[in-house]
Amino acid sequence: MSVEAQQGIAAPRVPAGLSGLLPALILIGLFFVVPVLALLLRSVTDPAPGLQNYAALLGDGTYARVFFNTFLVAFVVTIVTVLVAFPVAWMLAIMPPALASILFGIIILSMWTNLLTRTYAWMVLLQRTGVINRALIGAGIIDQPLPLINNLTGVTIGMVYIMLPFMILPLVGTLRAIDPMTLRAAALCGASPLAAFRRILLPLSLPGIAAGGLMVFVMSLGYFVTPALLGGTSNMMLAEMIAQMIQSLLNWGLGSAAAFILLVVTMALYALQLRLVGARRAVGGA
Amino acid sequence: MLLDYDRLGWLKIALLGFTALVAAFLLLPVVFIVLLSFGSSRWLAFPPPGWTLKWYQELFADPSWIEAALTSARIATMTAILAVTIGLLASFALVRGQFRGREILRGLLLTPMVLPVVVFAIAIYAFFLRLGLGGTTIGFVVAHTVLALPFAIIPIATALEGFDKSIEDAAIVCGASPLQAKLRITLPSIRIGIFSAAIFSFLASWDEVVVAIFMASPTLQTLPVKIWGSLRSDLTPVIAAASSLLVALTLALMIVTALLRRKLQT
Amino acid sequence: MTQPFLSIRKLRKVFGAFTAVHDVTLDIPKGQFLTFLGPSGSGKSTTLYAIAGFQDPTSGNVLLQGKSLLSVPSHKRNIGMVFQRYTLFPHLSVAENVAFPLRVRRRPDAEVKRKVADMLSLVRLENFAERLPAALSGGQQQRVALARALAYDPPILLMDEPLSALDKKLREEIQAEIRRIHRETGVTILYVTHDQEEALHLSDRIALFRDGRIEQIGTGEDLYLRPATDFVAGFIGNSNFLAAEHLETVSGASTIRLADGSLVSGINANGSFERGQKTRLMIRPEAFRLERSPNNAELSVEIVDIAFYGERRRIVARTSAGQEIDIRPTSSMAATQDTSPGRRRVFFDPGGAFLFPA
Ligand SMILES: Nc1ncnc2c1ncn2[C@@H]1O[C@H](COP(=O)(O)OP(=O)(O)OP(=O)(O)O)[C@@H](O)[C@H]1O
Ligand SMILES: [Mg+2]
């Protein structure tokens, strides 16, 4: 209804309320665009004009490892998140409303709980002497504690935990928009449940999966808190490295260049997502 | 039949089982942290050897925790007010305006939500160092408002898109001035969106870690910065106590939201 | 000469390269119920919005009792309006909706209360005062909208297809209410619809719009019985158009030759025609008779199909030139007539038939 409704009947007398955008544009222009551009400038002027910062970043094996790590983690997190989120979203889309609202409550609670709180919980849960290792040992499954923290395992568990709601919620929307009649028709046509899943349900939900997956991937690429707390020093991720370059090493040139690379990659993927689903849906509804 | 809940057969049992596991996974850290905060072991042993309230006592005995919480509340409240006000004005223009480049502007205003926070954090940190705004309340509020703005615009713009402008026009023929019509008819009609915007932008600031880590000064620390600092030094159960209070706050917020929504919708 | 109550002077509205309203001129006396009728996109709403002040006309003027309204903003025009879409304020109760225009006018509480009660009883919704709009049916919502539009005694009430979202039965019910309210309040009403039955049933006068112009204006009877153009004839009521050749016209009565070669004279001529000019003869389906009367013309047809429609029956027949025509004799007569399929003659009064250029 939106296009119809927002036009109303009255033609706008002034080019409607462009002035209303002014505060937002000033805020974003002055305190977002300008600082980010200044950062970009710094990456090619600090300590001396030129591209040496980028050359250093792209030429060095240590940094290459960080880039590789970052993409690897983001990729693994995305795959795992999609695989876990799909069945849940599927059930959420069709289960009785009373049950669904309980599940939604749990998802919202997890999503709204302070990020550090959640990460702290995982730190305690996953540590060598933590609950999970003890439980596994107690059950006789392992006899040495598993290294669950300060490595990629820890980062992946923590990140999947954080990303799940961002994947589940939009997917529910996609799945709810599919007419159950289509699948009934498929069954009448003789499709087995597996065939109906592969040929009907999955293709129809693919746009939602792609959009959600891309969003999770983009968010994971630049994530800072969870990798910094659950990851190890030997497999640092990009955001953490940038923070360290600025905060501990005070190397503004290198840090800015790395930040700019992250910005370009993120924005390129964001643009791809926009093309995939359109601006309105890319960042999700309310 | 895959989308008919009652016709799934054994598949339903398998999927529901999996869903229950995921729900448990989502709930695990939240419940765990609350239990832990009442456990008596300083080394966070679980299940705890006994139950105690001493971590809460320690928490409340330390003025720096209280201070940090108050600072966060102050900054988040100002951020929410600013973001909702600016977002409201912007949403009207974005939804109702008919000018070229509208979609591009919308994209621009929503970008802070997509750009990795760490990039914005060092950019605004450097910028504020130059302006002398680093470590100030104003600096915090401005930076957080940038981050919160998308969270304010999205629900308000969505609500406004669903509101039939003819209703506002009807108020105008009835004799209300355009401003009166907006204030008395349109705003109350999209109040759910405005309310969501307020909650989301409050949370965006209240939970914000990365910018805060860079901007914080010894005299101005938000709650996440305080937790972050403690996490890096040791995993004291006091953090669990503080975290449990945050969980309680989240729950309270969820309940208020649900109640208000129900009330506003009828 | 007395000045008209509401006067529209050479109103023109251009959207980009497209002219939605072409120099419409119209006078409306006080208390009249005037309907804008016409196909979709013919400029009815645009004209109405210019009166309401939602859209500034490109040129022309709108005068109320001789004073131009153009420089008056919408909210000061004191005009009532009911919209096609439901426009009740969703967060206000029925009573508060009706009170709204009075509250923005800062009328004293006692007056507001009294007026709201009056209005709700006018639209027969006294028992719904405290309900929220979401708890009303579509018809009830439009009645509240009507009450709200009348609450401040506007001299003019504009209604833009207020019933188009309702089903037929409800529509008829509210049409009756609107007629009654017009009678009781004496308000001047400008009503937009593209439903010709609604227009005929409700209005004192109808302005038939076509492509941004008024094709004809007059009472329903004028438009029905004396259509000025074939567009009007085709739009109002049902019509059969038969190909015919004009032979001569003597003092407004034409003689023509139909495709089957038969001659008909005494036809109403709309305009002047050449000898031998190709024309179209318009005959209303209900103007046909199955039995001969004095001075009637006759047509030889083959009955193709007969359907029973309650009050009347509808006969589909084919002329000897192969054209299908629609015949609807009244039941009482039809029942006694032989209407079995087959070839037969039908009759019509040439004075009730009209000649238009082809
Ligand atoms: N804001 C606008 N911009 C461009 N063209 C417009 C605008 N408003 C109306 N038009 C055009 O003007 C013409 C007349 O529109 P109007 O709404 O007056 O028609 P209408 O007779 O009310 O039709 P309907 O019965 O469908 O409501 C239409 O062709 C429409 O497309
Ligand atoms: Mg219209």
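This is a predicted model: local features need pLDDT of at least 70, side-chain atom pairs count only at pLDDT 80 or more; totals for chains, interfaces and linings use all residues.
## A walk through the model

A:P47 sits in the loop between α2 (22-43) and α3 (52-59) of chain A; helices here are DSSP runs of H or I with at least four residues, strands are runs of E with at least two, and both are numbered from the N terminus. Residues are numbered from 1 along each chain as its sequence is written, chains are lettered from A and ligands numbered from 1 in the order in which they are written, and side-chain values use heavy atoms, with hydrogens and water left out.

Let's move to chain C, which has nine helices and 20 strands. Its C-alpha atoms fill a box of roughly 75 × 45 × 40 Å along the principal axes. Of the 358 residues in chain C, 50% are buried, where buried means under 20% relative accessible area, exposed over 50%, and partly exposed in between (1.4 Å probe, protein chains only).

Now for ligand 1. Of the 13 residues around ligand 1, C:S40, C:G41, C:K44, C:S45 and C:T46 come nearest; a residue belongs to this group if one of its heavy atoms lies within 4 Å. Oxygen atoms of ligand 1 take part in several polar contacts, meaning pairs of N or O atoms within 3.5 Å. A polar side-chain atom of C:S40 lies 2.5 Å from a ligand oxygen, and a polar side-chain atom of C:T46 also lies 2.5 Å from an oxygen of ligand 1. For C:G41, a polar backbone atom is 2.7 Å from a ligand oxygen. Taken alone, ligand 1 exposes 630 Å², and the protein buries 63% of that, with areas from the Shrake-Rupley method and a 1.4 Å probe. Both β2 (18-28) and α1 (44-52) of chain C give two or more residues to the shell, and α1(C) supplies the largest share, three residues.

Finally, look at two loops of chain C. Most residues other than glycine have a negative phi. C:Q65, in the loop between β4 (59-64) and β5 (67-68), has a positive phi near 45 degrees, and its relative accessibility of 45% makes it partly exposed. C:D211 lies in the loop between β9 (205-210) and β10 (213-218). Phi of C:D211 is positive too, near 50 degrees, and this residue is exposed, with a relative accessible area of 54%.

Notes:
A polar contact is a pair of N or O atoms within 3.5 Å; within protein, one must be able to donate a hydrogen and the other to accept it, and residues adjacent in sequence count only if both atoms are side-chain atoms.
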